[in-house]
Amino acid sequence: MFQLLGLWAQALCAYTQETGYIQWLLFHPLERGRGEAVARTVAEGLFADSLLRQVAYTHGVRYRFRRRGQWFCVEGEATPEGLFTFFHVLRGAIQRFPQRLQQNAIPLVENPPELSRSFQVAYEDTLPVDLSPLALTQYFTRYWQAGGVGGVLRGKIPMPLLHLGREVVAGSVSEAYWPPQPPPTLSSPAHQGPGVVYIRWQLNGSPSLAAWAALWQQADALLHYLCAERQIACQAQWVPFAKGLELWIETGLPYATYQAAQDFLSRPFRPSPQRLPAFFTWIHRAENFLLAGWWACLWQIPQLPTAIPTLSPKELRRAARGWQLIAYTWNL
Amino acid sequence: MGTSLWGLLGLIYGQVIDLQSGKPRLVTFPELGSKRPLLWVALAWRHPPAYQELGRIVAFLVAQEDTINPSSAALRRQLGSLGGHLSLWSMPEGAAVCLTVPRSMAVEAVGWLYAALRALPLQDSLAWQRLRQRAAKAWIGFSLRQEVEWLLRGRPLLPPSLDWPQALAYIQRYLAPESLHIIFGGGLSFREKFQIGRLPLKISLKSVSDSLPSLVTPPLPDTLIQNLWAYPGYVGLAVEGPLSWKERLAFREAFLSRWQREAPPLQWSMQLKGRTHLLLQARVDGRSYAFLRRLSTLAAQDSLEARAWQAAFELFFRKVCAHPEEYPDLWITPVLMGDTLGLSDSLPAQVWQSGWPFRARGIWMGNESLASDTVVFAPPPARPPAVAVPDFLWTGPGLPPLGEWAAAFRLFWKPGCSRPCELSAYYRTARERKRLTQYLHQLRLELIQTHQIPPEALEIYLRPLPAGFPPKAIRFRCFSC
């Protein structure tokens with residue numbers, strides 16, 4: 001039963017569901033949250049392999065590159081058949097990459113898109129980066145060749161695909177976590193204008209479904225408060241890590257948002273079983289499909305609930321005890 | 001009464017409509033399955049195209065958006081305990097309030113929608129005033145997207161009149177129980193249908209929806225606007241697509257696939273419009289703009305492109321079935337228009353190769369910067385080749401699609417062709433050669449005997465496996481005559 005419903009491994013997590021297609025994610029951490037340009041150049045160069053692109057085109061495999069907090073991610077969707085062929089060719093592309101690098105066939109990505117700006121500022125990832133062939137090779141070897149990449153599959157996953165996926169994503173993701181450092185200008189309050197409010201919950205005990213449900217409830221309630229009740233911030237990125245969650249709230253009113261968030265978080269929080277159906281809906285909705293799988297993978301939760309979880313108030317309260325909460329804000 | 005509307009033309013996804021007097025029409029899609037963790041349900045009603053804005057505000061009213069009102073707040077709390085996620089939909093065809101809930105909450109979700117309908121204010125209330133103010137404020141903000149949408153729909157750029165008598169008339173005309181549709185993105189058990197049928201819905205509204213005017217879209221003028229204030233061009237186009245729903249989705253995927261490959265837009269969105277059109281809005285650079293201007297026929301240039309379009313269509317279809325809540329247009333519009341939505345995940349190969357004409361009219365916002373950005377743009381050939389040269393790469397699983405190959409072959413092959421087509425397999429080690437040769441002979445024999453391919457037109461080849469190439473690949477390839 002366990003095998004049928006969901007599989008979890010250190011590097012590749014697979015959550016089987018009868019959706020007919022698969023959402024997939026390959027990710028690796030950026031050391032100290034820096035080096036996005038190198039990571040992006042390597043990943044985009046790898047996926048620019050002509051055979052890989054051709055297979056992606058003819059088999060309808062979609063993918064995009066994205067930074068989320070300290071992680072660099074390649075995420076996409078495909079049919080099981082298409083993804084099987086794609087992974088097969090990706091394995092070949094990984095072998096061909098050093099040769100293509102020698103032939104200068106890798107385009108450099110020096111200016112990552114604006115989307116990552118809040119992460120770049122927080123991690124001071126704006127320093128000049130070394131995009132020399134040696135640096136790219138080292139980076140590629142460390143993550144893509146020596147198994148530093150993790151993976152998540154969610155959807156209809158046939159066994160052959162799972163085995164192949166484990167060959168492509170063969171190592172183990174580094175446990176290292178690099179929280180963003182408070183910016184040096186933190187002593188002065190953030191002024192009106194584009195900014196970020198950063199909130200981090202760090203678990204005290206080990207992750208569990210109860211801790212997940214409780215933490216989700218507080219994060220969701222906070223965002224509901226900021227968006228629907230206070231109407232000051234409605235955009236946030238959820239970035240899970242091995243023992244907690246980061247919320248990166250993007251707003252034009254960072255100071256007011258920060259104050260409102262502080263107000264909300266200073267109130268006593270009591271997770272409720274009545275919110276479990278909403279948690280269940282959140283896990284399975286299309287827009288969170290991959291995020292929920294990734295979160296569960298990082299927290300080593302072997303399978304996603306297939307029915308509304310039954311957790312008592314006591315279990316939820318116990319799971320919510322002793323969280324470490326950190327919040328700060330800065331301008332972009 | 002259950003009316004199954006599928007079975008024709010091999011359709012695999014069709015709707016089932018259940019009618020009960022004095023109750024909303026219950027529409028389910030049993031083939032979407034009943035084991036998925038979530039269920040999407042929409043409470044939808046028709047209205048004339050001119051009432052799209054009013055429909056949107058009434059949908060807000062039904063969804064109990066005004067949480068200051070105590071009864072609305074209570075309903076919202078109740079929704080929270082169901083784990084429901086609300087979304088609203090309003091188009092020229094009608095409007096809807098949609099709920100995504102855990103599968104086990106199907107009956108409760110309909111119960112909540114009925115309760116929300118019963119709580120609908122039938123007199124000028126504070127809730128209405130607040131929503132009206134909100135709509136008026138939204139109108140003040142500048143939105144190019146919305147403005148273009150209004151222009152595309154042939155509507156004047158005037159704020160909708162939002163007085164209460166008009167809203168009440170709208171509610172009384174279009175929200176009577178018999179005029180409503182409850183659409184489920186999935187199937188229901190008999191027990192659930194029975195329980196839903198017993199749910200009370202007592203609201204004093206009389207249906208007059210039979211007098212709805214038909215959806216006739218006036219011909220859209222093609223307008224070129226000199227847009228001097230920003231570089232990326234903006235287009236808002238009504239693209240004419242095929243009549244059948246399935247083909248229209250195929251057309252959409254083929255167009256997006258070609259566009260993304262040759263000249264990707266910066267941003268885009270696409271919606272279904274009426275029975276024949278797709279509404280496209282996009283920010284485009286010069287190359288992408290020129291691509292749209294020049295595209296006149298959308299047909300696969302070779303079998304590789306046809307294969308890619310088929311794969312894109314298949315993926316889209318599976319996404320639609322897995323997450324119906326993401327595609328309300330597709331599920332609600334045909335039901336409101338009284339059409340049968342018959343979908344399947346594949347189309348005959350000939351459809352991709354014969355293609356469709358591409359006709360787009362609407363608003364083209366551009367300037368000279370766009371024109372100068374098209375220097376590198378190589379114009380495509382005036383007409384795609386009438387018949388594509390077959391070139392298929394099959395990598396499994398299952399059996400090679402011999403029927404599809406033979407169909408493409410028959411379209412292509414002429415007796416005068418000098419070079420026979422090739423059927424190739426790839427070996428890793430010498431030991432595999434014997435087995436693969438036998439397998440290729442077997443495939444060739446089947447193509448000749450079952451699919452009537454002339455023996456002189458087909459040869460077999462064994463080739464070493466290139467690096468990174470799938471080991472079980474079989475290639476069927478022809479050459480220009």
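## An arginine in a loop

R32(A) is partly exposed, with 14 other C-beta atoms within 10 Å. On this count a residue is buried at 20 or more other C-beta atoms within 10 Å of its own, exposed at 12 or fewer, and partly exposed in between, with the C-beta atoms placed from the backbone. You'll find R32(A) in the loop between β3 (22–29) and α2 of chain A. Its phi is positive, about 55°, although R32(A) is not a glycine. Most residues other than glycine have a negative phi.

Before going on, note that this is a predicted model: local features need pLDDT of at least 70, side-chain atom pairs count only at pLDDT 80 or more, and totals for chains, interfaces and linings use all residues. Residues are numbered from 1 along each chain as its sequence is written, while chains are lettered from A and ligands numbered from 1 in the order in which they are written.

Q300(A) counts as partly exposed, because it has 14 C-beta neighbours inside 10 Å.

Over in chain B, E31(B) sits in the loop between β3 (25–28) and β4 (38–46). With 17 C-beta neighbours inside 10 Å, E31(B) is partly exposed. E31(B) and L330(B) are 299 residues apart along the chain, yet their C-alpha atoms are separated by 16 Å.

## Chain A as a whole

For 332 residues, a compact globule would have a radius of gyration near 20 Å, and chain A agrees, at 20 Å. That radius is taken over C-alpha atoms, and the globule rule is 2.2 Å times the number of residues to the power 0.38. Along the principal axes, the C-alpha atoms of chain A fill a box of roughly 60 × 50 × 30 Å.

Buried residues make up 47% of the 332 in chain A. Among contacts in chain A with a separation of 6 or more, 82% link residues 24 or more positions apart; a contact means that two C-beta atoms, placed from the backbone, lie within 7 Å.

## A pair of crossing helices

Helix α2 (residues 36–47) and helix α6 (residues 133–145) of chain A have axes that come within 10 Å and cross at roughly 75°. The two are therefore roughly perpendicular to each other, a label for angles of 65 to 115 degrees (under 35 is roughly parallel, over 145 roughly antiparallel, the rest oblique). Axes are lines fitted to C-alpha atoms, for helices over the stretch in contact, and angles run from 0 to 180 degrees between N-to-C directions.

From α2(A), V38(A), T41(A), V42(A) and L46(A) meet A135(A), L136(A), Y139(A), F140(A) and W144(A) of α6(A). That contact divides into eight nonpolar residues, one polar and no charged. Here Ala, Val, Leu, Ile, Met, Phe, Trp, Tyr, Cys and Pro count as nonpolar, Asp, Glu, Lys and Arg as charged, and the others, Gly among them, as polar.

## Where the chains meet

The contact takes 34 residues from chain A and 35 residues from chain B. On the chain A side, α4(A) gives the most, with 10 residues.

Notes
Helix = DSSP H or I, 4+ residues; strand = E, 2+ residues; numbered from the N terminus.
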